[in-house]
Amino acid sequence: MTKPTPTDLGSPLLADYALSDSVADELFDSSGRMRPVWVPFLKALSALPVPALRAKFERGRQYLRDAGVYFRQYSDDPLNERDWPLSTMPVLLHETEWDQICRGLDQRANLLEQVMADLYGPGLLMQQGHLPPRLVTENPHWHRPMVGIQPRGGHYLHFLAFEIGRSPDGSWFVLGDRTQAPSGAGFALENRMAMRHVFPEDYPRAYTHRFAGFFENFRKALEQLATTNRTESHQFGLLTPGRANDAFFEHLYIARYLGMLLLEGEDIVVQNGQAMVRTIDGPVPLGLLWRRIDSNFADPLELDPDSQIGVPGLVDAVRSGSLAMVNALGSGVLETRALMAFLPRICQQLTGAPLEMPNIATWWCGDESARAYVRDNMDRMMIAPALAVDLPFDSNSETVRGAEPEIVDLLDTPAPDLVGQEAVSLSTTPAWVDDENGPRLTPCPMTVRVFTARTEKGWQFLQGGYARIGPEGDANALAMQRGGSVADVQIISDRPVPEPTVPKAAPDATGVRRVRTESAALPSRAADNLYWLGRYIVRFEEAARLLRAYHLRLAVTDRTDDALLTLIAKALKAVDISVDAPIPAGLRDRLFAAHGCASKIRDRFSPDGWDALNDLVKTTRQMVDTATPGDDAARAMSVLLRKTAGFSGIVTENIYRFYGWRFLSIGRALERTDSLAAALQHFAPEDAPEGALEVALAVADGTMSHRRRYALEPTRDSVVDLLAHDTGNPRSLLFQIREMQRLAEDLPGATLSARPTALVRELLPVRTQLEILSPEALTTAVLGDIRTAVARMSDRLAEAHLR
Amino acid sequence: MRYDITLNIDYRYSHPTDRTRNLLRILPHDLPGTQVIGDWTLALTPRPSEQAHFTDFFGNTVTSAVWHYPIDAVQISLSLQAERLRSDPFLSLAAPLSRLGQDLAALRDVSARSPLHFTAASRRTPAHAGMGDFARAALRPGMSAADAVRAIGRAIHRHMEFSDKATDVDTPAAVAFEKRAGVCQDFTHIMITCLRAVGIPAGYVSGFLRTFPPPGKEKLVGVDAMHAWVCAWVGPEIGWLEFDPTNNQGVGVDYVTIGYGRDYDDVAPVCGAMRSMGDQSSKQSVDVAEVAD
């Protein structure tokens, strides 16, 4: 292998940048000259001292952390998320080259649409011998229930991605088509944002084609598909498998960015062939789903019966023509590896022209001559199951090198289950390495993911995308299985690219320009999680206050039968918390439950709020190992209470004050009411032991208020007055009940009839009771009745809005 | 042969379930040359908020029923008249098993009854090495594909004992094979797995079996509930033949077909989804009475 010396810029960063004559490189062309598109960028980069470069790269990573960009791994641990592996060097491609790539892929997108229409329609490709039928009939991604169903709007495919690579001769080829539910566009957006923090300089920023127009146009196309030819308004949403999915962040991000509902299967019901979103206001029609779950999980009734994340009846909604799907259910069949062996011929057959951009050379081993060819050339082959739908370099791909001995044996007889693909080399691109050998740029193999969306004007391409960067040293595509990083692909123009101007919304019938895109519909599941988040967080806080009171008492008494200690332990036991450990499991579980609710509705949180909650979880976890009973545990509880207040502050200050916020607030008020009533029951009964009233004040955070207002030792009357009747005290029963009533009267449906809603009807008697009863009349029994009423309020709320 | 058939299925849920959605595959339809379906009535209690019929990929009639309000039980009752026609006896010029692979490779037909839909493992009938060995042990060199079907069916009948206690509707075929006991669903799944293992496309047939035998014949097994048997493709000359491994016999005038599929999942009489958790239980009764001409 010869090593042409690259004509570098004298930059020490490129001193070890070794080129190989058997692979192409993005930075240098085949003659060793730096490609013009990189020159100004590399010049600027080389002019910077290394510490300044390091600071730049750190800014990008910091941006991603601040924005909460992460990649989730499947596990039960609520905090098991990895940082997003951004390579801080972009990949630069010139717009002329990019346009050519997009032309080739435009043809391919249209071809795939035609193949899809045939596989779910007349099946002529199989009947006429252009595609072996068993690749379809034995294919788990070809869904029989979808055969014969016309897609709403006329098209099966709306959003596609292509994984492409550059051959040693400099031309591009397709490694794989992503047609099922392509991921990565949201990550591409985040990469781009991060890169703007790394390289705010004029070049390449001002010369880079923007992303915004692509998403704006796709959003418009989705809205149109969802709403055209309807007599009533229809919602559209993004269907996610949920927070356990590795790409959940992207679903969240895209839904937020495009102002779409983020929906899970349980948000949707199908009635009379119409998909509906369950909202707090009842079911509302759904016109389109951008699904990010694989087709087979979409409907347990007609597709995979084991699916827990689908919607029973969703196929029915598609069949009735009322629901548009992006992409049509069953589109995963186009990802079948063996299909690539036949696409070149199918293209010729269907369009009369060859593929403009070739795909990776593929041989289906069910064909005798193809098998013989693979067998004879196996050291140049990658072998995979014929019906595999992953990419050869996915980390868990079954693809192996052809020279494996057991594969050789398999290929001795016809092997319709196998497919051989050329073991291609990829081009290399500069990656930043900063290790014990010093900071430098080094060539690493890459593939580029290109995204395209169907719009009014046909397929529109994201101008750029994201590149996967493999480990240094091996340009074989399979080496990418070992992982690596991702990079922002920037399409560079010769001239500065004007900032896209966002067109003003057209005025509606009343002459108003709509500027808000966020849908007002609040899914019941989101409301439910907000409500329970409010409840769990207060539950956690109230338990921490009780535990603090317990450990403060423990610190000043050595008697285990101390009356107050026993009383507090009893109050804790009543809420299933034992005092065996300084940080009991019951306390942690409340926080995990709150975290669980919050993680299901992350689209409604600021990253700050999320960080504050994660910080609270981490701190609590650390304290499990370190806290000791007595003073130390009491101090630990104070820390947790401060952090809880911080989280609650961020959340209540920043959540948009609409229905969602009301559910969160009702949850908080309801839980607060119950725990206040419980505290009065435990610590202010008519025969309370000495010191119990002080505990009541402490757990209700009322010690200071009491001192200011009553200027005397607490008596039952003064404590009950402060904690039950005092409307100036936010921690009084009456204050919380009035707050709840105010919130309840703002819920949907509350103003439709003159009569108060069921929830308000539960609230009114409690409110009246608290307003007219004297402290001595508020007995332990009456407090018990109030708590029962609170439980009924929760039921009424759920019945009206949460199912 | 004409029959009056009644079917009753009762479902009970331990909690009232919200938004129950069921797909029923219990309605037989005409099969040219094989069966003619007369009048039928289907009653669902409580009354569904939505009820509709459609035809699935394999040509089976599907009833979809949706309840928009919570229910804690569903009763399904179906009564119908069916006539089963006498079919021609087997032609003996069946293709040899060894030629089946070539015949399949040459096929381009992908319509619902194409054997190409019945070659691959499916969810309820995954490939199983033990059953593959078992099937191969039942074969003799030079056998025709039709004889191979009968030989494998006979071997399964000998290997397995009928028991409605050994398995339930969700038991994998491999477990029933291991236990050597099960009901018609298990017999059928095992036979499908065995046939596919030796290259014979095979599918699941659900239907009814006459309750009382003609005078002088023994009462058949599996008559108290809906029945299942196997269809197998034995080459382009004969096409499909049907065999009942539970009773070790070819399928004839005692049988009324409801539907075809790759395995139980494709033709499950009741496929349901509901919003709440909890157990459910079901009871089924079938009566297939011959109507005198």
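Helices here are DSSP runs of H or I with at least four residues, strands are runs of E with at least two, and both are numbered from the N terminus.

This is a predicted model, in which local features need pLDDT of at least 70 and side-chain atom pairs count only at pLDDT 80 or more, while totals for chains, interfaces and linings use all residues. Residues are numbered from 1 along each chain as its sequence is written, and chains are lettered from A and ligands numbered from 1 in the order in which they are written.

**Chain A**

Helix α9 of chain A covers residues 248-258. Of its 11 residues, 8 are buried, so the helix is largely enclosed by the rest of the structure. A residue is buried if 20 or more other C-beta atoms lie within 10 Å of its own, exposed if 12 or fewer, and partly exposed in between, with C-beta atoms placed from the backbone. The buried residues of α9(A) include Phe248(A), Phe249(A), Glu250(A) and His251(A). Leu252(A), Tyr253(A), Ile254(A) and Ala255(A) are also among them.

Chain A as a whole has 25 helices and 19 strands. Its C-alpha trace spans about 95 × 65 × 60 Å along the principal axes. Of its 803 residues, 49% are buried. Among contacts in chain A with a separation of 6 or more, 71% join residues 24 or more positions apart. Two residues are in contact if their C-beta atoms, placed from the backbone, lie within 7 Å.

UniProt, in an unreviewed entry, lists residues 90-469 of chain A as "domain: Circularly permuted ATP-grasp type". UniProt positions follow the numbering used here, feature names are shortened, and annotations may be inferred rather than shown by experiment. Over residues 90-469 the chain is 29% helix and 27% strand. The end C-alpha atoms of that stretch are 11 Å apart.

**Domains**

Domain bounds come from an automatic or database domain assignment.

| Domain | Residues |
|---|---|
| Domain 1 of chain A | 363-422 |
| Domain 2 of chain A | 522-655 |
| Domain 3 of chain A | 657-803 |
| Domain 1 of chain B | 2-85 + 269-291 |
| Domain 2 of chain B | 97-264 |

In chain A, the C-alpha centres of domain 1 and domain 2 are 56 Å apart. In chain B, the C-alpha centres of domain 1 and domain 2 lie 24 Å apart. There, 21 residues of domain 1 are in contact with 18 residues of domain 2. On the domain 1 side, β1 (2-17), β2 (21-27), β6 (71-84) and β15 (280-291) of chain B each supply at least two residues. β15(B) gives the most, with 7 residues. That side divides into 12 nonpolar, 5 polar and 4 charged residues. Ala, Val, Leu, Ile, Met, Phe, Trp, Tyr, Cys and Pro count as nonpolar, Asp, Glu, Lys and Arg as charged, and the others, Gly among them, as polar.

**A helix pair in chain B**

Helix α2 (residues 129-137) and helix α5 (residues 184-197) of chain B have axes that come within 8 Å and cross at roughly 70°. Axes are lines fitted to C-alpha atoms, for helices over the stretch in contact, and angles run from 0 to 180 degrees between N-to-C directions. α2(B) and α5(B) are therefore roughly perpendicular to each other. Angles of 65 to 115 degrees count as roughly perpendicular, under 35 as roughly parallel, over 145 as roughly antiparallel and the rest as oblique. Met131(B), Gly132(B), Phe134(B) and Ala135(B) of α2(B) make the contact with Ile190(B), Thr193(B), Cys194(B) and Ala197(B) of α5(B). These residues divide into 6 nonpolar, 2 polar and no charged.
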